[in-house]
Each structure stands twice: as C-alpha cells, then as structure tokens.
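Here is a short report on one protein chain. Keep the structure in view as you read.

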Amino acid sequence: MTRSLWALALLSLWACDDGGEAPFEPPPDAHISGRDASILCGDGLRQSPEQCDDGNNEAGDGCDPLCVYEDPPTATARINEIVAKAADGGADWIEIYNPTSAPLDISGWALTDEADEAPWALPAGTILPPMGFLVFEKDVHFTFGLGAIDAARLLDVHGAQMDATSWGETHAPEGMSWGRLPDGVGAFQTLNQPTPGASNRMGEGGEGACGDGRLDAGEACDDGNTTPGDGCDALCQPERPEGVCGDGALNAGEACDDGNTTPGDGCDAACQLEAIPEGLIINEVMPLDAEEGADWIELRNLGAAAISLTGWRITDSDLSHEQALPEGLSVPPGGYLVLTRGVAFDFGLGQDDRLSLSPPFSAPVDEVAWAGAVMGQSWGRIPDGEGAFKWLHQPTPGAANVENEGPDLCGDGVLDAGEGCDDGNTTPGDGCGPDCHLEAAPALVINEVMVADAAGGPDWIELYSLDAAPVALDGWQIGDDDPTHLTPLSGLEIPAGGFLVLTRDVHFDFGFGGADTARLLAPGALLVDEVAWIDGAAPAGVTWGRLPDGVGAFEAVEPTPNVPNRALVAAPTCGDGALDAGEACDDGNTTPGDGCDAACQIEPAAPSCGDGALDAGEACDDGNTTPGDGCDAACQIEPVARALVINEVMVADAAGGPDWIELYNADVVAANLNGWTICDADPNHATPLDGLHVEPGGYLVLLKDVAFTFGLGAADEARLSAPDGALVDQAIWLDGEAPEGATWGRLPNGAGPFQALYAPTPGAANEAGVAPSICGDGVVDDGEACDDGDVEPGDGCDALCAFEPSRLWINEVVAAGADGGPDWIELYHHGLQPLDVSGWSVTDDSPESPDHRWTFADGIALAPMSHLVLTRDVEFLFGLGAADSVILYDASGLVVDQTSWLDGEAPIGQSWGRLPDGGDFQTLSAPTPGAPNLN
C-alpha cells in the first residue's frame with residue numbers, strides 16, 4: 001500500500017453538525033421516546049443509538065448528556081493510529097489527527113518513541129487540515145522503529161508532550177493497528193483493519209465491526225450491512241442529502257463551513273475562505289505592567305480600510321492558551337487597538353514569552369518573541385509600525401511608539417531590560433562584565449579583624465585572597481552590621497594568595513563594636529563573606545581571625561596584620577605546678593636536676609635523638625628514629641619530594657567506576673607520603689595520605705572511597721600539598737574538559753600541560769587516545785552520513801548526522817516574459833541526496849485536462865540543492881495566465897506543492913516566487929531562472 005505525508009480524509013459526524021437538529025433531545029433522566037424503554041442515557045449501558053454511555057449525564061467528561069461524544073477539551077493534534085508491524089513487511093507508521101474545525105500548523109513539532117533517543121521534527125509548513133489526517137512513515141520521515149512493546153509521543157515546538165500512547169505485545173500484532181475509536185477522542189484499542197489517512201474503524205470479523213447490527217464506538221448507525229444508499233453507509237455513518245453552506249458540515253465544494261453565511265468572519269456566504277486583510281500587525285506589548293496583572297497588546301492597522309477582528313485568534317508560547325478575540329472588535333485604518341488582559345484575553349504574558357496573531361482559518365500573520373522583560377517597560381516597534389522591536393521606557397498604548405531618550409546600551413549606567421547589572425562602563429573584572437551581566441566574584445575572604453587594639457590603635461580588617469591572580473577591588477565594599485556603613489574600596493589591589501589590611505579612618509570611617517559583624521561585598525552588592533563575634537570574643541589586644549588562613553574557623557588569635565595568623569598562646573609560668581602550653585613538665589619549682597629543669601622541660605638522663613625532646617644539634621625530634629616521616633634518624637628535617645606531580649584525573653568513568661587521581665614520581669628515590677594531603681577545590685576536603693609511598697619513576701592511583709571520600713565535579717580541581725602545607729601541584733579543569741570516559745592528564749607524561757585524554761591509563765604512562773565522533777563538528781566520522789557543522793534540523797542533515805528527506809517546491813513562475821519570451825516554471829530541490837521524480841507531474845489551474853499536464857519521464861533524478869527550469873513548448877505545452885495556478889504532483893498523484901497568483905502579481909518582466917528559496921511567495925522584480933531568488 002502506498003501512503004503519503006499528505007494523506008487526508010475529512011470526517012463529518014452526524015452527531016457533531018451544529019447546523020442541523022440533533023436526532024433526539026431527551027431529558028437526561030428520562031427514557032428516549034420511540035424506542036425500547038430500557039434504553040436510558042446515563043445508565044452506564046451503551047445501546048443503539050447511543051454513541052457512548054459513561055454512567056452519568058454530566059457534560060465535559062467526553063460523553064455529553066445525550067450520550068453523544070463531545071469534542072476534545074483543547075484544540076490540539078492527537079496521535080490517532082499506529083502500525084508497529086505491517087502485514088506485508090511494510091514500514092511502521094504513525095497517523096496524526098486534527099479533531100478541530102480549523103487548520104493546525106504543527107511545523108517544528110516532533111515525534112518520538114519510548115526510548116526518546118531520536119525525536120523527528122516535522123518540517124516547516126506542515127499543516128494538519130480540519131478533521132484531517134497526516135501519516136508519517138519510518139525511513140521516509142522518522143528513523144526510529146516501533147517495537148512490539150513501545151510508545152509513541154507527540155511533542156510541540158517547546159518539547160511539551162501534547163499526546164502519547166503505549167502498547168503491549170498483543171495490542172498491535174502483525175497486520176493490525178493500535179488506534180482510537182472514534183477518531184481523536186476515543187480510547188485506543190486493537191483494530192483489525194489499519195486505515196492510514198482515513199477514519200478508524202473495525203474491519204469485518206472484528207469485535208465491533210461495521211455491519212454487524214450493533215452500534216459500536218465510532219458508529220452513528222449500524223443496519224446490519226455495509227450496503228450504501230440505504231441510509232447508513234459502509235462506514236456506519238448516516239447518509240444524507242448533499243449539505244448546504246452554513247450547516248456546519250464541510251460539504252463537497254466547500255473550503256470552510258462555520259455554521260453561518262455571515263461574511264467578514266473568514267468564511268463567506270458561499271463557504272469559501274475570505275481573503276486575509278493585509279496590514280494588521282502587533283505593534284507594542286506590555287508583558288509586566290507596573291499595575292500588575294494588566295498586561296496588554298497593541299495592534300496597528302497599516303491598511304487603508306478598517307479590519308474586523310471577528311474570528312481572529314491570539315496565543316502566547318503555550319498553544320493551549322489560543323483564544324478567539326471578542327466579537328465586534330475592529331481596527332480603524334491607520335489606527336490602533338489595545339487588547340487588555342481580563343477584557344480581551346485571559347492568559348498572562350511572561351517575562352520570556354512569544355505572541356502570535358492569526359486570522360480566521362489561517363496560520364499566524366504576525367508573531368513576536370521577547371526575553372528578560374522588566375516591570376513597566378513595553379516591547380514595541382521603533383519606528384512605529386515598521387521597525388524592529390526593542391524595550392521602550394515610555395509605553396504608549398493606543399498611540400505611536402516613542403524612541404527612548406537614550407539608547408539601551410550596556411555601560412550607560414542604566415539597568416535596561418535583559419541586563420543583570422550596568423556600572424557605567426564595559427570594563428571586565430569589576431564585577432559587571434562587558435555584556436552587563438554579573439561576573440563571578442574572585443575568591444576573597446575576611447581573614448582577621450582588630451576590634452580593640454591594646455595600644456589604642458585603630459580598628460582594622462585583613463582580607464586574604466585564595467585567587468590565583470591579583471584582584472582589583474574597584475567596586476567592592478566593606479561594612480559592619482549597619483547597612484548604612486557600606487564603604488566602597490577604590491584603587492586597591494590584593495596580590496594572588498596575599499593579604500591586604502584595611503584601616504579605620506584610612507579605608508573606612510565606621511568602628512567595630514565589642515559585638516559586631518564585618519561584611520565583604522563584591523561588585524553588584526553581592527555578599528561574598530561575613531563574620532560576626534559576640535562581646536568578649538575579641539578583647540583588647542586580641543584579634544578575631546581564621547585558623548588556618550582563608551579557610552579555617554574564626555577564633556581569638558594573636559594580631560598578625562599582613563602575615564599568616566597564629567594561635568593565641570597564654571604566657572606560661574614555669575614552676576607554678578600547672579602544665580602550661582609549651583611546658584613539658586612543671587614540678588612546682590625551677591630547681592634543676594630534679595627531672596624538670598628551670599624552663600619546665602624534662603631533663604633527660606642523656607640527650608638522644610628520638611626521645612621527643614629537641615636537644616642541641618637537633619633540627620627536629622618526633623619521638624622516633626623512623627626515616628621518611630619528615631624527621632630522619634639523626635633528628636634532621638628530611639627534604640620534601642618536589643618531583644611528585646598529579647599526572648591524571650578521572651572525573652566520570654564511562655563504566656560507572658569511581659573517581660581517581662594518579663600521582664607520578666619523577667624522582668630517583670621513593671616518595672614517602674606521610675604528612676601529605678590531597679583535596680579538591682574545597683580545602684576542607686583535605687585528606688591525609690599517611691602510610692603511602694610512590695616508587696621512583698612510578699605511579700600511585702588514589703581511588704575515591706578508598707584513599708579519599710570527596711567527589712570530583714565536572715568543573716573542579718585536584719590539589720597535592722606537602723607536609724609543610726605548601727601546594728606542590730594542582731590540576732584544574734572546566735565543565736566539559738574531562739567528558740565521560742575521558743581523563744584530564746598531562747601529555748607528555750609527568751611534565752606536559754593537562755588536556756583531555758581519550759585512553760585512560762591508571763598506573764601507566766599517559767596516552768592521548770582518539771576522541772569519539774561528534775555529530776555537528778563538521779567532520780564526517782564513521783557512522784555519520786553527513787556532518788554540516790551543526791545539529792539543526794531542516795538543512796538537509798539532521799541532529800543525528802543522517803540525511804533528511806528531500807523536499808521539492810515550486811519556487812518561481814514567469815507567466816509573461818519581458819521580451820515576449822516563453823512562460824516557465826522553476827522547481828527547487830532542498831535535500832542533500834538526489835531525488836527521483838520519475839512519474840511526477842505539473843499542471844496549471846486545469847488539472848483535469850490532459851493537455852494541461854506535463855509528466856517527468858522514468859529515470860529522472862534531481863541533484864541535491866538544485867534548481868530545475870521547465871519551459872513552455874520545451875517541456876510543457878499549456879500557457880500560464882495573468883491569474884493562474886501551478887500544481888506539483890508526486891508519482892502517486894498526490895499534491896506535493898501548489899501556488900496561485902492574482903492578476904498583477906506576476907506582471908510582464910517580473911516573476912511570482914518564494915523568498916528566500918522555499919519561503920513565502922511574493923512578486924519578484926528580477927526573475928532568476930535556475931538560480932536563488934532575489935528581490
């Protein structure tokens with residue numbers, strides 16, 4: 001069976017025709033006269049002629065009080081039928097249905113399956129007709145397959161799920177489909193006769209088949225046969241005389257039927273679509289009104305005649321918000337109309353949103369999007385009515401838009417819409433970047449505070465930098481617990497890893513109290529650090545500081561401005577019988593020779609290395625003579641191994657293994673790690689490596705949850721510190737630099753700079769490896785059919801680097817050449833692969849006449865991204881009139897594309913063409929046969 005993207009069937013249900021009378025109108029709690037008295041709507045038992053019976057007489061639950069199916073609650077496309085295993089070995093397919101009476105533009109919507117790995121985006125210009133169907137096939141449209149146990153999902157342009165269905169192994173067996181009965185609104189069930197592009201029904205022999213004499217779901221009648229002409233047709237729908245315009249049913253020859261013959265509402269008295277008035281635009285939008293809740297939209301009519309808004313629709317980025325404008329509205333010629341929330345529409349306009357305006361029965365004629373709306377500013381066209389949209393500081397509802405007094409410029413000191421900050425310049429590094437967004441604050445902290453100097457000196461604050469580069473403090477502020485005391489810091493700089501002391505009456509004018517708070521704020525008033533103390537925590541002569549510097553907790557410390565903090569040590573008194581800090585003993589006297597000397601140190605029988613006492617000639621004594629722990633067997637300090645480096649880091653193992661850090665010892669002697677520590681970017685995660693060592697020229701792999709407990713983030717660092725606290729080596733990586741399965745390591749091994757390594761080598765020399773293929777990098781890798789340097793759909797190469805289906809358009813038409821030349825038709829092939837057009841044909845507005853149709857011969861293929869010009873009396877014989885049409889058919893006879901023009905739209909010497917190629921048709925002043933269209 002041949003199926004097409006544009007397979008279409010129009011379904012007009014007798015029960016849904018609002019132009020005639022319903023077949024019966026019983027009260028919801030009464031028996032229906034003229035039939036079996038046992039048939040009662042609302043009793044939960046569906047009997048002929050009921051379409052449904054849900055056990056109640058409530059409206060709005062899918063089955064109305066007359067036991068007739070109700071329309072879906074929202075105007076949205078629905079998944080209607082799927083085939084997961086065709087009987088003839090054909091392709092899987094998904095059918096989409098429009099249950100509404102208006103066309104639905106589903107361009108950019110997507111189909112996907114349960115795995116959700118390869119969503120397929122519907123191409124631009126995909127219109128779902130009223131009450132119509134579109135069928136999409138595997139390998140013609142989407143690439144994923146439908147399994148025996150699977151799901152199909154329909155997503156809108158924002159990725160929101162609009163409809164979905166799932167099935168089990170017995171629901172869609174070979175030769176059968178999984179579909180709704182009735183179309184669009186019924187529950188999914190197994191159908192024994194697939195109907196791609198047509199109304200769903202149960203075939204002969206299936207439970208609920210048409211012609212079995214039972215009124216089943218989706219049937220409006222069932223007279224026990226499928227013979228036409230007896231009042232009930234072969235689809236079990238009532239037969240009736242040819243309808244009339246205005247009856248609410250789409251009859252033969254009608255392009256629309258809105259249930260009336262009133263002109264001016266988009267559908268005229270002959271049930272033909274009315275021309276869309278030109279000149280109506282969205283001119284100004286207020287997303288966040290200063291009055292709160294009073295959002296408004298301003299329309300402007302650029303035309304010379306008033307435009308009635310009957311049947312016109314508006315919606316925001318949520319398509320379920322689409323609503324018709326109130327009856328009776330119009331926009332005068334050259335005038336304005338303001339639509340206010342709560343009066344003309346119900347939905348609110350968001351800070352980041354989109355608005356579209358659509359005429360009756362047609363796609364949007366204007367659309368505008370915005371981001372970063374600011375309270376009280378409108379989004380409007382400058383110049384009024386024709387210019388580009390920008391944020392306006394002076395909203396003008398119902399009047400011409402006014403240009404701002406000054407431009408919305410980053411660096412003008414005015415916080416405009418979309419700006420996170422504006423400090424009056426575009427200088428980087430001052431907290432507000434050149435793009436007027438806040439910059440990340442450097443790693444500065446409050447390190448020490450002097451509240452009461454014992455010598456009567458001024459209060460001061462010491463800052464400490466954890467940053468790897470000097471930090472200029474322009475735009476920074478300090479303060480205490482009074483917000484009015486914030487003081488700017490200008491012209492100052494703190495060195496990398498250094499200190500800066502700020503003094504009262506020099507850098508700030510407030511004083512610190514016995515109980516107070518010190519605060520440090522980055523540019524943009526971003527609070528970076530603060531410290532509070534209670535009364536008595538920092539008495540006279542003592543400071544309140546971090547131990548260790550920059551990262552430790554605050555405590556009372558010795559004053560150490562501009563140098564590392566030291567713990568507070570009380571002055572010991574030897575001989576008082578109390579063991580003070582620094583005393584090894586205190587026997588209540590200072591008499592030497594009794595085992596405790598005059599300095600309150602233990603008097604050894606004979607000084608020796610390893611006794612824990614620092615004797616003359618000893619540089620250290622750790623109570624043992626074990627080498628490799630920082631103090632050797634002669635009580636001399638052992639040198640720190642400086643040839644030890646971080647060599648390789650695993651952040652995200654592809655197999656789900658733990659994070660790890662590899663150390664490499666480039667020295668000729670072993671490196672003992674007693675006293676060494678490893679940590680990430682958080683110094684509080686420092687983990688000792690006692691008991692470990694690295695052989696000369698060897699490796700040591702430290703595993704998470706074995707050697708350390710912290711995890712390594714996608715953007716993080718690893719730091720290796722010696723026993724004296726000195727930072728020996730570190731590795732720093734940004735998000736994406738160490739992707740899953742790759743490591744961040746030195747190349748060449750042990751000495752080179754860090755880079756992503758695609759062949760992890762824990763415990764061995766580093767190797768670069770080969771980076772995996774990436775779709776969108778512009779390189780055609782193995783497994784890719786194409787790679788155009790992006791993952792955007794619609795350009796011939798999709799987001800999975802597979803060729804997209806080709807598309808053939810009528811691109812340009814000349815009906816009267818400037819020099820009396822022949823008429824011609826240009827076709828445009830958009831696709832990256834050749835397109836076979838054997839048996840395709842073109843006609844003018846008389847397709848029924850054989851003389852007015854020209855057909856491609858067998859074996860004809862169009863080159864990728866090419867133009868083809870067909871010339872009168874060379875390819876085709878018919879002429880193109882001043883007002884005429886061109887229609888393009890595929891080999892099966894289905895319409896692929898068509899265009900029509902009015903008298904004057906394709907005058908002598910000009911053409912009727914799409915701009916750009918494949919875009920919308922318009923009059924082009926310079927015909928371009930066989931080349932891209934211009935204007």
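## A salt bridge to start with

The side chains of E558 and R566 meet in a salt bridge, with 3.4 Å from N to O. E558 has a relative accessibility of 23%, so E558 counts as partly exposed. R566 has a relative accessible area of 44% and is partly exposed too.

Keep in mind that this is a predicted model. R566 also falls within strand β34, which spans 566-567. That strand returns below, with its sheet.

## The chain as a whole

How many helices and strands are there? The protein chain has 0 helices and 56 strands. It has 935 residues, and 41% of them count as buried. The accessible surface comes to about 43,000 Å². Carbon and sulfur atoms account for 54% of that surface.

Contacts tell us how the chain meets itself. Take the contacts between residues at least 6 apart in sequence. Of these, 49% join residues at least 24 apart.

## How confident is the prediction?

The mean pLDDT of the chain is 83. Of its residues, 86% reach 70 or more.

## An open sheet of six strands

Strands of a sheet pair through backbone hydrogen bonds, either parallel or antiparallel. Here, 6 strands form an open sheet. Their order is β29-β24-β23-β32-β33-β34, and the pairing is antiparallel. Which strands stand at the edges? They are β29 (499-503) and β34 (566-567). Each has a single partner strand, so one side of each is left without a neighbour in the sheet.

Look at one pair in detail. Strand β24 covers residues 460-465 and pairs with β29 over 5 bridges, in the antiparallel sense. Within this pair, L463 stands opposite L500 in β29.

E493 sits in strand β28, residues 493-494. The C-alpha atoms of E493 and L473 are separated by 5.7 Å, though the two are 20 residues apart along the chain. Is E493 buried or exposed? E493 is exposed, because its relative accessible area is 51% and exposed means over 50%.

## A covered strand

Strand β1 runs over residues 78-83 and is mostly covered. Of its 6 residues, 6 are buried. Which strands does β1 pair with? One of them is β2, residues 93-97, joined in the antiparallel sense over 5 bridges. In β2, I94 is the bridge partner of I82.

Strand β10, residues 177-181, also runs antiparallel to β1, and 2 bridges join them. There, G179 in β10 is the bridge partner of E81.

How many salt bridges does the structure hold? It holds 19. In one of them, the side chains of D139 and K138 meet at 3.2 Å, N to O. D139 is exposed, at 60% relative accessibility. K138 is partly exposed, with a relative accessible area of 23%.

D823 and R872 form another, their closest N and O atoms being 3.9 Å apart. This pair links distant parts of the chain, 49 residues apart. D823 lies in the loop between β46 (807-814) and β47 (824-830). R872 lies in the loop between β52 (866-871) and β53 (884-889). D823 has a relative accessible area of 7%, so it is buried. R872 counts as partly exposed, at 31%. Elsewhere, salt bridges that share partners join R78, D163 and R180 into one network.

## A nonpolar patch on the surface

Which residues make the nonpolar surface patch of about 240 Å²? They are V701, L703 and V706. V706 lies in the loop between β41 (699-703) and β42 (716-721). V706 is exposed, with a relative accessible area of 69%.

Definitions and conventions
Residues are numbered from 1 along each chain as its sequence is written. This is a predicted model: local features need pLDDT of at least 70, side-chain atom pairs count only at pLDDT 80 or more; totals for chains, interfaces and linings use all residues. Side-chain values use heavy atoms; hydrogens and water are left out. Two strands pair if DSSP finds at least two bridges between them. Helices (H or I, at least four residues) and strands (E, at least two) are DSSP runs, numbered from the N terminus. Buried means under 20% relative accessible area, exposed over 50%, partly exposed in between (1.4 Å probe, protein chains only). Contact means heavy atoms within 4.5 Å. Accessible areas come from the Shrake-Rupley method with a 1.4 Å probe; for residues, only the protein chains shown count as cover. pLDDT is the predictor's confidence in each residue, from 0 to 100. Patches are made of residues with over 30% relative accessible area and no salt bridge: like charges are joined within 9 Å, nonpolar side chains (Val, Leu, Ile, Met, Phe, Trp, Tyr) within 5 Å. A salt bridge is a side-chain nitrogen of Lys or Arg within 4 Å of a carboxyl oxygen of Asp or Glu.
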